[in-house]
Amino acid sequence: MKLTRFAKGSRASTLLILLGFIFFNLLLNSNIVTELLNNNPFRVYGGDGQLLEYLAEVTRLKIISGQNPFGYLSGLFYPLQASLNLQDIGFDNGFWFVIFSPFLTIHQSMSLLLLINFFLAEVFTYLLLRTLKVARPLAFIFALSFAFSPAFVFRIRGHFHYLYHFLYPLLIWLSLLIVEVKQRFKLVILSVCLGLSMSLLFFASGYLLVMFTLGLLSFGLLELMINRGSILSWSRQFGKKYRYFVFAGIIFLATLSPLIWATLHTHPPIENRPSLDYGGARAYAARPWDIFLPSTDNLFYGNFFQLDFPFHPHSIEGVIYPGILSFIGLVIFLFGKLDRRKYLSVFLSIIVFYILSWGPMIDLSKLSVPLLSNFIIPLPDIILAKLPILSMMRVPSRYGMPLVFVSVILAALVLNQKYQASQKFASICLGLFLVFLIDQSYQIPLEVFDMNLPVNSYQVIRQDHSNFAVMQIPFTLRDGFNYLGSESALDFHYGQLLTQKPFVGGYLSRVGLDKFDYYLQNPALHYFTSAIDVKHQHPYITDNQTVSQSLQHLSIKYILIQGSFSKLQAQMAQLGYHQLLSGDHGYNLYVLN
């Protein structure tokens, strides 16, 4: 068997398919293409995208300077450090940035990465489906359906790691090739690729690899119970090539060795879900009916399913809708005339992930039925939530990624078996393609903006070669559970990047509670975090002498204050600082006397 099923057929058809993938990638992502062409160095994606662009650049800088990218993040959270080893920050992005940065800005690099990952999802899903003997037209349609699944596209605006969904079909495809290929050299290459792909999936998000493994285990156990002969046959085929899978595992562990070393030599930064509500898992879980609710970004009917729609998910976190094409396949599987036993394990795997996406429990008291008050049904995720990696995941609807993947595979296989020999196959494929165009025609509503940074002040700070720290107001100390200061203040991260000086505050997916305690107990940090928190009122020290002494003890030499914080600016002289620059893009720079 050749390494690519693209080659099976004419070169013209292969080229046509690749051009089709590129066309839809550029068409549905025209807004990302626009961002790719924007060379403003201070342009960023909104929300967590701004943070992820910063962290990708930090990862790149660590790599090119010979540092462990999974070690401490020393430029933020001053005077403390935060460990990056098990953070959900998408280390893969930084690896790509090493290649892109000589030619592109940070924002352009992220935009190109988004486009590349969409394209890879199209290509590898197509290759997997062709390897499973799905007809070329169906493989093309369902590759598009998976790449642009509403469950991913709707949520990418907040979590770029969903774009590494291309690794799911890639891992399965590589595994199948190892089983079928006989040439030793090709087997070694495939094993290396498999090990590296597993590493990339783990670096994108540890959750995704754990979910992938759970999917394999659930499918294997189900197949063992339903089609014992089939799973034993597959086991024998995999067993013949076991040494190459072992080699892939060695490559995987070797690639993870810097992360393992960092985990063993840094303070554990990860906090488990609070026991009260499982770290928000109950609030951010998908509801049973969420799987049927389309994306609000759809050009044709999205307005009907806006967030104020009675049954729509309360946020992007609840979206697990796989698309109409997947539902067509499921309906045919359940009610069509075909051998359901052949794909029953695949169908039941979908059910497994569907239930896991509901979270640790179903709270029936929310239905406002008197007899059901405080009535809770525990679900399997209540056990999985205690596993080392999954204990950090507060959004159970992330199980939507494997759910959609398996749904697409099942739908493609079922439709292929049902209609490939039909005289109306071409018409059926055309109809399915039109369904895709109607159901999955949307663009990611990514928020973008140009940061208004005090670059002149940053230049002054960068030229000062003494040892000191910087405070930029507003700032935040934040993770997925808690925050101090201004929740949405992220610009100061780029101040740290441009000055290469330690800054007060920081934002990561998980931050140890010791850092929050320190900021609350330190007089100066408690004072400023409380003073700039516009949502909550906290009692804080107003003794200028105590705050001034604390600032000097922390060696905070420069303080940048946005113009809207006039009361804090009025106190700078009493705290021992004088104004050095004013009106620098809305900021005033103060330096210690």
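Student: Which helices each supply at least two residues of the lining of the largest cavity?

Tutor: Helix 9 (184–204) and helix 10 (206–226). Keep in mind that this is a predicted model. Helix 9 gives the most to that lining, with 3 residues.

Student: What makes this space a cavity and not a pocket?

Tutor: In a cavity, a 1.4 Å probe fits but cannot get out, whereas a pocket is open. The structure holds 1 cavity of 30 Å³ or more. The volume of the largest cavity is about 140 Å³. Its lining counts 17 residues, and the closest to the centre are Leu-86, Gln-87, Asp-88, Ser-205 and Gly-206.

Student: How do the lining residues of the largest cavity divide by class?

Tutor: There are 10 nonpolar, 5 polar and 2 charged residues.

Student: How much space lies in the largest pocket?

Tutor: About 1,500 Å³. The pocket is lined by 44 residues, with Ile-172, Leu-176, Leu-216, Phe-219 and Trp-234 closest to its centre.

Student: Which helix gives the most to the lining of the largest pocket?

Tutor: Helix 10, with 10 residues. Other helices that each supply at least two include helix 5 (106–131), helix 8 (167–180) and helix 11 (228–240). By class, the pocket lining has 27 nonpolar, 13 polar and 4 charged residues.

Student: Why are helix 1 and helix 6 called roughly parallel?

Tutor: Look at the angle. The axes of helix 1 (residues 11–28) and helix 6 (residues 136–147) cross at roughly 20°. The cut-off for roughly parallel is under 35 degrees. Helix 1 and helix 6 therefore count as roughly parallel to each other. Their axes come within 11 Å, and the crossing is right-handed.

Student: Which residues of helix 1 and helix 6 meet?

Tutor: From helix 1, Ser-13, Thr-14, Ile-17, Gly-20, Phe-21 and Phe-24. From helix 6, Arg-136, Phe-140, Ala-143 and Leu-144. This contact divides into 6 nonpolar, 3 polar and 1 charged.

Student: Which residues make the contact of helix 9 with helix 12?

Tutor: Among them are Leu-187, Val-188, Ser-191 and Phe-202 in helix 9. Helix 12 contributes residues including Tyr-244, Phe-245, Ile-251 and Leu-259. By class, this contact has 16 nonpolar, 5 polar and 1 charged.

Student: Which bond joins Tyr-78 and Pro-79, and what is its omega?

Tutor: A cis peptide bond, with omega about 10°. Pro-79 is in the loop between strand 2 (72–73) and strand 3 (82–83). The bond from Ile-473 to Pro-474 is also cis, with omega near 10°. Pro-474 lies in the loop between strand 7 (469–473) and strand 8 (476–478).

Conventions
Residues are numbered from 1 along each chain as its sequence is written. This is a predicted model: local features need pLDDT of at least 70, side-chain atom pairs count only at pLDDT 80 or more; totals for chains, interfaces and linings use all residues. Side-chain values use heavy atoms; hydrogens and water are left out. On a 1 Å grid over the protein atoms alone, a cavity is a set of points where a 1.4 Å probe fits but cannot get out, and a pocket is an open set with protein on both sides within 12 Å along at least five of seven lines; lining residues have an atom within 4 Å of a point. Grid points are joined across faces, edges and corners, and a volume is the space filled by probe spheres set on the points. Helices (H or I, at least four residues) and strands (E, at least two) are DSSP runs, numbered from the N terminus. Ala, Val, Leu, Ile, Met, Phe, Trp, Tyr, Cys and Pro count as nonpolar, Asp, Glu, Lys and Arg as charged, and the others, Gly among them, as polar. Axes are lines fitted to C-alpha atoms, for helices over the stretch in contact, and angles run from 0 to 180 degrees between N-to-C directions. Angles under 35 degrees count as roughly parallel, over 145 as roughly antiparallel, 65 to 115 as roughly perpendicular and the rest as oblique. A crossing is left-handed if the near helix is turned anticlockwise from the far one by less than a right angle, and right-handed if clockwise. Contact means heavy atoms within 4.5 Å.
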